[in-house]
Amino acid sequence: MKVEEKFPPPKELAKNAWIRTPEIYEEALRDTESFWAKAAEELDWFKPWSKVLDWNPPDSRWFVGGKINVSYNCLDRHVKTWRKNKVAIFWEGEPGDKRTLTYDDLYLEVNQIANILKQMDVKKGDRVTLYMPMVPELIVAMLACARIGAIHSVVFAGFSAKALRERIRDAEPKILVTANHSYRRGKIIPLKQNVDEALEESSSVERVVVYQRSDTEFTPMKSGRDFWWHELTVDAPLRCEPEPLDSEDPLFILYTSGTTGKPKGVVHVNGGYLVGVATTQKWVFDLKDEDVYWCTADIGWVTGHSYIVYGPLALGTTQVMYEGAPDYPQPDRLWEMIERYAVTIFYTAPTAIRAFMKWGEEWPKKHKLSSLRLLGSVGEPINPAAWLWYHQTIGGERCPIVDTWWQTETGMILITPLPGTTVLKPGSATLPFPGVKAEVVDKDGNPVPPDQGGFLVIKTPWPAMLRTIYRDHQRYRQTYWKRIPGAYFTGDGAKKDQDGYFWMMGRIDDVINVSGHRLGTMEVESALVSHPAVAEVAVVGKPHEFKGQSLTAYVMLRGGVNPSNALKEELKKHVRQEIGAIAVPDEIYLVDKLPKTRSGKIMRRIMRALLSNEDLGDTTTLEDPSAVEEVRRWLKEIK
Ligand code: PRX
């Protein structure tokens with residue numbers, strides 16, 4: 001099969017009531033506000049908005065004056081109907097334990113936890129940090145916060161105690177919710193122990209609620225601070241009225257990596273976020289009541305927030321949720337689960353697809369995957385070979401693939417096919433979602449000709465866009481709205497082809513994507529520099545066959561420190577403690593100098609371009625050719 005081949009939408013999809021005709025794109029751009037107002041009407045509002053959009057660049061307010069509650073939309077409105085006893089979550093723990101939760105089950109638990117938070121004096125606008133494994137209680141805690149107007153900050157459970165501490169310091173939560181431990185590839189991950197370490201120094205956290213994932217290990221509890229979830233819920237009241245919140249009240253903070261050492265607290269708000277996420281969930285995934293949907297992301301990242309928690313639950317979807325590793329106990333765990341629950345829609349990341357390819361098609365072949373009707377991809381560019389493998393081996397050549405481009409900051413999918421409408425091209429995220437105006441431009445903001453690389457920007461606001469960086473509005477303006485005149489700067493490079501299809505080319509800044517995890521090279525550099533043996537560091541991302549990208553660190557040691565393999569190992573361990581296992585560089589070179597410009601700046605961009613075989617003139621302004629030669633020589637010497 002040739003890569004240039006196009007895949008038209010299957011006929012049966014085109015018959016669906018909510019699959020849009022191509023005219024929807026024009027219509028939505030002609031009157032974007034009416035388009036989003038219509039989408040917002042699908043949700044339940046306590047008070048209607050008086051104005052769809054108040055756009056005061058770069059600040060936007062959507063559904064101005066509207067009152068809404070996200071947990072009401074995800075639960076109450078379903079339990080009032082037949083969906084009360086519909087399965088919300090088929091959950092599996094890594095060791096094989098199984099639970100089924102209906103909408104009513106979720107509703108009752110959320111009400112209880114909301115009451116417990118209130119009893120702990122959590123008020124509207126207070127922050128609650130959640131550091132939890134992939135268990136339904138994480139969803140419960142998020143919805144409980146949303147119910148009372150508290151702002152949750154979920155910290156990925158793969159982050160270290162130190163990384164957790166840093167995020168706690170910024171968000172200043174009153175309450176932290178965690179679990180005693182979690183499972184990963186059969187090993188026990190001591191989450192509560194990390195929490196204790198993170199809270200060692202003085203902290204805003206007054207109380208810690210601990211969900212008991214299992215009682216296989218003893219968990220020390222600090223009296224007066226730590227409380228077991230199961231003990232608190234014994235007599236917590238079963239009803240908690242949802243708070244009518246302003247559309248623009250914050251719903252959550254989610255920390256993400258940027259180009260400095262300090263992660264950014266991306267802030268999303270109630271109204272616009274839910275409108276954007278629910279609409280894309282329905283249109284992009286063609287979700288229907290009879291579907292069984294599965295997004296394999298971790299809720300610690302934005303994909304889990306938008307397309308495991310808020311999107312699917314707002315639509316009353318039945319979904320599968322899994323706690324552990326995809327190859328535990330064997331590489332067919334996911335295929336076995338697709339067969340068990342008759343999953344119809346499956347959403348995963350290219351890094352996972354490449355791992356499945358490596359493990360071999362004998363694993364999916366062992367299982368009946370004929371329930372699948374739609375596949376999705378997210379997180380990084382999907383190479384055409386992986387796209388075709390996914391289409392053939394998993395999708396049996398009958399399932400369209402929606403390659404969805406978006407970011408923590410965008411909150412919702414912005415560039416994507418609409419199944420049933422869009423002709424697919426393997427490797428392309430295709431077209432902007434209706435109402436979204438994306439463009440590929442040069443550094444002055446002028447569109448570049450077709451097939452030429454440039455900066456991917458978004459020209460008009462969309463409802464789920466981030467509103468600010470927590471406590472740093474200046475950084476919000478600077479990072480996203482100052483680089484390209486009059487547009488939101490995504491940090492991605494892209495090309496548009498002759499048909500107007502978008503082809504993503506990866507980040508053009510110092511943000512990288514390792515196995516679908518977003519990291520800043522500067523964060524890893526700061527972690528390394530905090531080791532006493534290290535003087536200076538350059539961390540560079542380069543393409544990796546399975547992970548998408550991997551990290552290489554060039555480390556200059558302090559005078560008198562002897563290079564050794566033991567020291568390299570120690571540096572890796574240090575990064576694991578500072579950030580987490582995901583940030584440990586694959587390769588560390590101990591060097592005695594780093595290539596620098598005359599003004600003393602490390603030439604990271606040239607290093608990256610050379611390591612990635614990037615075309616230097618493509619998305620970046622052309623560098624000084626002699627500097628390029630110098631870095632090339634330097635890299636050769638190291639090898
Ligand atoms: O570089 C783009 C890449 O992931 C970045 C956003 O990362 P994060 O905020 O962690 O969110 C990931 C999940 C939405 C983007 O700047 N990216 C995401 N989706 C795609 C992608 N690159 C290419 N194709 C995609 N479908």
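Predicted model: local features only at pLDDT ≥ 70, side-chain atom pairs only at ≥ 80, totals over all residues.

Reader: Which residues touch the most other members of the largest nonpolar core?

Author: A nonpolar core is a set of buried Ala, Val, Leu, Ile, Met, Phe, Trp, Tyr and Cys residues joined through side-chain atoms within 4.5 Å. Buried means under 20% relative accessible area, exposed over 50%, and partly exposed in between (1.4 Å probe, protein chains only). Here the largest such core has 156 residues, and F285 and Y310 touch the most other members. Helix 6 (residues 136-148) supplies the largest share of this core, 10 residues; helices are DSSP runs of H or I with at least four residues, strands are runs of E with at least two, and both are numbered from the N terminus. Another core, of 31 residues, lies apart from it and includes Y322, V343, W389 and Y390.

Reader: At what angle do helix 10 and helix 11 pack?

Author: Axes are lines fitted to C-alpha atoms, for helices over the stretch in contact, and angles run from 0 to 180 degrees between N-to-C directions. Under 35 degrees counts as roughly parallel, over 145 as roughly antiparallel, 65 to 115 as roughly perpendicular and the rest as oblique. Helix 10 (residues 270-285) and helix 11 (residues 302-314) pack at about 85°, with axes 9 Å apart, and are therefore roughly perpendicular to each other. Helix 10 contributes Y273, L274, V277, A278, T280, Q281 and F285 to the contact, and helix 11 contributes H305, S306, Y307, Y310, G311, P312 and A314.

Reader: Are helix 7 and helix 8 oblique or roughly perpendicular to each other?

Author: Helix 7 (residues 161-171) and helix 8 (residues 191-198) pack at about 55°, with axes 8 Å apart, and are therefore oblique. A161, L164 and R165 of helix 7 meet N194, V195, E197 and A198 of helix 8.

Reader: Where is T597 found?

Author: T597 is in the loop between strand 30 (587-591) and helix 19 (604-611). T597 counts as partly exposed because its relative accessibility is 30%.

How values were computed: Residues numbered from 1 in each chain as written. Heavy atoms only, no water. Contact = heavy atoms within 4.5 Å.
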